[in-house]
Amino acid sequence: MASVNPFNLSDSEEEAERRPNETVDTGRSPSEGAPGPPPGNPFSPPADAEPPTLLLSSNRTSPSGEGISFSAAATSAMAGGAETRVSVDVVAAQLLRDQYILTALEFHTELLEAGRELPRLRDYFSNPGNFERQSGTPPAKDQVLGPGGPLNRAGSISTLDSLDFARYSDDGNRESDERLAVLEFELRKAKETIQALRANLTQAAESEVPSQERKNFKSSPEIQEPIRPLEKRALNFLVNEFLLKNEYKLSSITFSDENDDQDFELWDDVGLNIPKPPDLLQLYRKCGAPLSSPRSTVDASVGVDFGELSGNSITQDPTKNLSQQQQTEVVQELEYQISLLNSEKQSLAEQIKKLQSEIQTLKRTVSSPPPTTLDLGSQNTSSPSSSSTTAATTTTSSTDPLSLPPTDNGQYLDIRGVSEPESDPKPSSTQNASKSQPQSHNQLKSRPPVQFDKPNRKLSPAFQQALLSFCRMCSDSRLGAEVSRIADSEESVMLMLGRCLPHIVPNVLLAKREELIPLILCTACLHPEPKERDQLLHILFNLIKRPDDEQRQMILTGCVAFAKHVGPTRVEAELLPQCWEQINHKYPERRLLVAESCGALAPYLPKEIRSSLVLSMLQQMLTEDKADMVREAVVKSLSIIMGYIDDPDKYPQGFELMLLSLGDPSERVVSAVHQVFIPAFAAWTTELGTLHTALIPSLLARIEKLLLQGEHGLDEHKLHVFLSALQSLIPPLFAVVLQNAPFTSRAKLHGDIPAIEVTRFPRPASPLQDVATIIGSREMLSALLLLYDHQLEHEGTTGWDSLLWVVNQLLPLLIEIVGRINVTSTTCVHEFSRFFWRFCRTFGKIFTNTKVKPQFQEILRLSEENVDASAGNGILTKATVPIYATGVLTCYNQEEDRKLLVGFLEDVMTTLSLSHAPLDSLKASFVELGANPVYHELLLTVLWYGVVHTSALVRCTAARMFELLVKGVNETLVAQRVVPALITLSSDPEISVRISTIPAFGTIMETVTQKELLERVKMQLASFLEDPQYQDQHSLHMEIIRTFGRVGPNAEPRFRDDFVLPHLHKLALANNSQATETKRIDIATQLFEAYSALSCCFISEEVMTNHFLPGLRCLRADMEQLSPEHEVILSSMIKECEIKVENRGMADAQGSMSIASSLVGEDAKTKFLSKMGQLTTSGAMLANVFQRKK
């Protein structure tokens, strides 16, 4: 029997009218061409026969020989008499009688779908007893048994209305399969029952409005009918969907809360059997056109279920029984059904085309297929390829190729077997459908078939195919299969890329793999399969083993583009899992990519995920990752999260993250915190209103607690952490003051706005700390600054809550904290000085002069009564003095500011000196100011005021301050200003003043290199040591010895050997004859410290023998009597020095031998290296070199 294509049937009556012309050709004899079916071909029914649905159904379900025979017989009977029309009931009875159960089931289903239910079939299939005798019951006596017995199974061919490719049964006599088919039918009936119940529920919900009220509204059009519950739920769903799509998320949340009785994520919650309408935008755009209404919107008062109406009963005469409104609803209902049928038809045509493609592929896999297997006699068989695609072309000619859904169901232009095209008549529906398609897709699909010249030869198809087989083409491998078919739609291209990219990526050089990023991302965006998308994104994140900065930037750019394209849901579902997988990757570059991705994707994630999962991921990486660059990227990503987070409950977590990152051991991480994280976190707290109510007070409280705990030892690192964070919050605090000022509403951008001075604000650590960036623009900031200065100078701070908080709460607390700092801690003084300097420069000169300085001056009342010399706890002895001098008074460098600073320092120096108070606060001020050369002249002016002061106490203080200033001042100033002042003081009538100059002279000897200057200092020191008037000046000798021990190791060697050590020897010798024991032990102790420091220096043998060792022996003599424990140390020092002297003497004696020994050594070295050079890299040969010769 010739193979028959069961799909070679038309779906319309037009095609049926064209078929008789073709059946004439199919009845030719075998001698004329390929053998065809007999003239009574059942696949070409006449025009007056029943619609071909019946024959197609029976043919599809039972394609075995018996089924075809029956169909042919039935059709022949129908075709025999044109006047006789066989009823569907007769056909159903025949099917049931001959036990074509499955065919009858399909027939019954198609009749139901057409709205023409047949009672015979309904009763039969509704009775379960008809199916409980499948095993053990003989067939009916009039049943025609096939070769396989009763209910013999045919080959499985899926029907047109059930091509879901979900199941294919095997051939064979399997009664369990029959039972399965029946169960599937019963399941379908149950679903229909559920659908009917849903319709009743929806109609019941619609009927909540009383019928009388409905009549009243219809009779009075001016009265608007109240909204029905179903309509309200539908509109609520559409409004919520509109809000979500357009990023009105807060409004959507509020709307959902107000309608808590409705589930906005599930349309079935609105109406169980109502199709979802278009969104609000589509409804608005089409408001002027008639909209197809779903069947559920028909008024319940009509009482008609359109699913049960046949086409004839609806269209006979609707004006007789229905009003004008009901007619419109009927028309809309019919249009809706037509659109559903058209879409179903397009889907079926698509599936037909795929089956045809699969059939052709299977036929080609056969080595020598019969040339007329699928030829029905409608083509000439001169070309072997034309017959293989005739059926497919004939079938698809009646379908609409332009309206097919964009799915990859085998739509490929196969180059392995190019068929000769047929003429493709296009019906009007095809032309109309083509107008609605995009232009590019239309051009692709409507392209005419390629024409090939046919040779005028008479080769047999088998010979021709065997001849072509010598063309070496490979189509049985994966790559061959991909090469041999070309995608003909956009989605097919995506599917092809999804299959090929995983095989391409491993074969691309690592240095060039970033070129694949666009392909991977586009495919991942547009691919329909989630599994394939996940694989592609996994490839993207694993594309490069250790991506560098540029490659990571490319990947991040692609991720952001992907996120913008697909939306937050897919970003959460597809991109975030890739980040989570690599959070603990062994390569830091990959972890760095994860950290950067979290920040880059933060704006495109759902806010719940952003503030929970992503925040937790970054927190884990911050605490666990060991790479500095990864933690730095984590901090920056956390900053972006802080810029988008809107959950106030996350504030404590953000504060802890700030403290945790500030305590990081890496400087680059801490720098990122100050540059990015703190400004972003401060911006969020500004919106929350907690910057000056929670964040800054929390840091101040921690500083206070740290000072209380650090009375015996302050943790300066923690203090630096908290104070640096406080310093980074100054610009946001000033922005809050400006934005909440009384004049903010009066700020105008038009007109002449002066530019902001370059030095108005301190240089920001990053653009995020720039006040202009925080405010919005430099123009707005300039306008606000003008009003700010005017308000402070003329109108005051009444009603200005934010500034009043700064003045009345923040400043007093800061000044109190400053007073509790240890003034000797240079680091703490410097940190607070820089803080107040940035604070005053940010808030401006008027604020500093009117608000900051008065508060300090109120505390620092400069008088002798303000200093308790006995207790030493006066305010002038605290860190308040240096911080006020260096942090507040140095903010502005104009003449009046410099005069104020000079006067303050002079007053402090005078007050402390006259009250005999410690000078630590003044020293701290000089050290901090002396670090900046700008203030050297100013400090020298202050000291000269002390030099010429009438009080010897003040002159002594000035002399001691020179010691601190000499190290940072250039030698010109030392020669012109410092040395003359010291020489003046060295001739002071008061011996205490002269003694006070000795440390400064010693510092000059330690730091200055000018010989003339050094000689002047040396002469002055010599006068102190050799002048008879100082012979009994115990305090002078103590100061000189202390100074020699401090500056000797760093002084010029010549000065140390010729001046320091000889005079120490003289002092040690003189101390042996000191009668006063206290003075003797004081001098001995100072000498011991000096010799201990100088013993580490290189001392010549002559000086060692003549001065150093004799001095140590004299000191040992004193210590034997005064301090035996020191005597032991001195004895060991003397012994070591004696050994050094002896070794040097032996080295000189062996000097002549050293030359000869060096020559011998060089000769041995040369021989050894030459021997090593002759060796190969073999380890065995290298070992032989060191073996003893036998």
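**Salt bridges and helix packing**

Glutamate 632 is buried, its relative accessible area being 15% (buried stands for under 20% relative accessible area, exposed for over 50%, and partly exposed for the range in between, with a 1.4 Å probe and protein chains only). The model is a predicted one, in which local features need pLDDT of at least 70 and side-chain atom pairs count only at pLDDT 80 or more, while totals for chains, interfaces and linings use all residues. Residues are numbered from 1 along each chain as its sequence is written, and side-chain values use heavy atoms, with hydrogens and water left out.

The side chain of glutamate 632 forms a salt bridge with that of lysine 636, at 3.6 Å from N to O (a salt bridge requires a side-chain nitrogen of Lys or Arg within 4 Å of a carboxyl oxygen of Asp or Glu). Both residues belong to helix 28 (residues 628-644), where they are 4 residues apart, about one turn of the helix; helices (H or I, at least four residues) and strands (E, at least two) are DSSP runs numbered from the N terminus. Lysine 636 has a relative accessibility of 37% and therefore counts as partly exposed. In total, 29 salt bridges are counted by this rule.

A further salt bridge joins the side chains of aspartate 897 and lysine 845, with an N to O distance of 3.7 Å. Aspartate 897 lies in helix 40 (residues 895-914) and lysine 845 in helix 38 (residues 845-859), so this pair ties together parts that are 52 residues apart in sequence. Aspartate 897 is buried at 5% relative accessibility, whereas lysine 845 is partly exposed, with a relative accessible area of 24%.

Glutamate 963 and arginine 1046 also meet through their side chains in a salt bridge, at 3.7 Å from N to O. The former residue is located in helix 43 (residues 952-966) and the latter in helix 48 (residues 1034-1047), so the pair ties together parts that are 83 residues apart in sequence. Glutamate 963 is partly exposed at 23% relative accessibility, and arginine 1046 is likewise partly exposed, with a relative accessible area of 30%. Through shared partners, salt bridges join Lys845, Lys853, Glu896 and Asp897 into one network.

Helix packing was examined for helix 37 (residues 826-843) and helix 39 (residues 880-888), whose axes come within 8 Å and cross at roughly 40 degrees. Axes are lines fitted to C-alpha atoms, for helices over the stretch in contact, and angles run from 0 to 180 degrees between N-to-C directions. Helix 37 and helix 39 are therefore oblique to each other, given that angles under 35 degrees count as roughly parallel, over 145 as roughly antiparallel, 65 to 115 as roughly perpendicular and the rest as oblique. Val829, Phe832, Ser833, Phe836, Trp837 and Cys840 of helix 37 meet Pro882, Ile883, Thr886, Gly887 and Val888 of helix 39, contact meaning heavy atoms within 4.5 Å. The residues of this contact comprise 8 nonpolar, 3 polar and no charged; Ala, Val, Leu, Ile, Met, Phe, Trp, Tyr, Cys and Pro count as nonpolar, Asp, Glu, Lys and Arg as charged, and the others, Gly among them, as polar.

Serine 728 is placed in helix 32 (residues 716-728) and counts as buried at 7% relative accessibility. Residues up to four places away in sequence being set aside, serine 728 touches His674, Ile678 and Gln769.
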